[in-house]
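Here's a quick briefing on how two protein chains meet and what one of them shows on its surface. Take a look at the structure first, then work through the points below.

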Amino acid sequence: MTEPLTVGFVLDGLVALLLVGLVFRLLRTRHLFEAIMLYVAYGLTLALAWVRLGAPDIALAEAALGAGVTGALFLNAWHRMAVRAGADERLPMESDP
Amino acid sequence: MSVELMVNGLTVVLLVIGCFFFLAGTVGLLRFPDLYCRLHALTKADALGLGFVTAGVALQLGAWHEILLLAALWLLVLSAAATVCHILASEALAQGVEPIQAGAGRAGSMDSEVDASSAEDGSEGGDGARARRGVSP
Amino acid sequence: MTAFLLGVAIFLLANVAAGLVRVIRGPTQADRVVAAQLFGTTGVAILLVLSVAMDARPLRDVALIFALLAVVISVAFVKRGWVRAPGQPSRAEPSLPREEP
């Protein structure tokens, strides 16, 4: 009985590490599109964390609203910003490191 | 007892095969040189990896309607993966992202959609992209 | 059996973490979307395995939502998000109103 608990602990630790790493990279990056995709991945990982915490209904809401709808809205807003930046060429949206 | 052991062993085998396909998909995503090759790797992981994992999980369930739900889930992911792969590839092709041709070396710049001028200069098969651009309405 | 299932979940989660590299240094936007798509599928597999390991039936509904979500992101990207380079033709794309600066 103690072995599944240990494996579950490793899984929880990996989820937590992934969350912290994702947020760190998301806050540090200067590339806007990469930040949106990292946000979507963060929503998925956070839903996994809710599942591991025993709250599948919150995981459902997080996956559907937090990652899905918000990610699509971010993509829409990013497209408008990029089109506007391409119109007057002041903001280079694609500044790959 | 023996039947249960057999079902568990079959589940283990199916899950290991599914994990292998997911590993192949991830390695392909990281190592393949092109968007189209990466789409290929992604679709393999979507269809086969999730299919084997779903089969392995379905063996552990008792009720038939839950197995039916899993089958519907797999069919949904299968059709969605095929559709998404198709629209991504066709849109990339319509925008002049060059596929890497066999024997052509490193033809086609990876950043061709980001920077049009460098893609025009850097790609050796530029007229192919131009012809395709002329075709697209 | 539970330990094995959780081990499978750990392996799949490690796959997700490795796929992050493609999101971070994917040269084009489409590569990042492809990586996010793989996240969605691997998340579905993780949830299915966890639903057996934790003996929780609602996790399969969460897996269904995960399966829908990756499609929403990818279709939104293709329809609205893919920004054309200045020289590229815009195919079947209504021109957005460009505001005067």
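This is a predicted model: local features need pLDDT of at least 70, side-chain atom pairs count only at pLDDT 80 or more; totals for chains, interfaces and linings use all residues.

**Where chain C meets chain A**

- Chain C puts 44 residues into the contact, and chain A puts in 44 residues too.
- Together, chain C and chain A bury about 3,800 Å² between them.
- Carbon and sulfur atoms account for 81% of that buried area.

**The salt bridge**

- The rule turns up 1 salt bridge across the interface of chain C and chain A.
- Arg32(C) pairs with Glu34(A) in a salt bridge, and their closest N and O atoms sit 3.8 Å apart.

**Helices on the chain C side**

- On the side of chain C that touches chain A, helix 1 (2–24), helix 2 (29–53) and helix 3 (59–81) of chain C each supply at least two residues.
- Helix 1 of chain C gives the largest share of that side, with 13 residues.

**A nonpolar patch on chain A**

- Leu65(A), Val69(A) and Leu73(A) make up a nonpolar patch on the surface, and their accessible area together is about 290 Å².
- You'll find Leu65(A) in helix 3 (residues 56–88) of chain A.
- Leu65(A) counts as exposed because its relative accessibility is 54%, and exposed means over 50%.

Key:
Residues are numbered from 1 along each chain as its sequence is written. Chains are lettered from A and ligands numbered from 1 in the order in which they are written. Side-chain values use heavy atoms; hydrogens and water are left out. Patches are made of residues with over 30% relative accessible area and no salt bridge: like charges are joined within 9 Å, nonpolar side chains (Val, Leu, Ile, Met, Phe, Trp, Tyr) within 5 Å. Accessible areas come from the Shrake-Rupley method with a 1.4 Å probe; for residues, only the protein chains shown count as cover. A salt bridge is a side-chain nitrogen of Lys or Arg within 4 Å of a carboxyl oxygen of Asp or Glu. Helices (H or I, at least four residues) and strands (E, at least two) are DSSP runs, numbered from the N terminus. Buried means under 20% relative accessible area, exposed over 50%, partly exposed in between (1.4 Å probe, protein chains only). Contact means heavy atoms within 4.5 Å. Buried area is the accessible area (1.4 Å probe) that two parts lose on being put together, summed over both.
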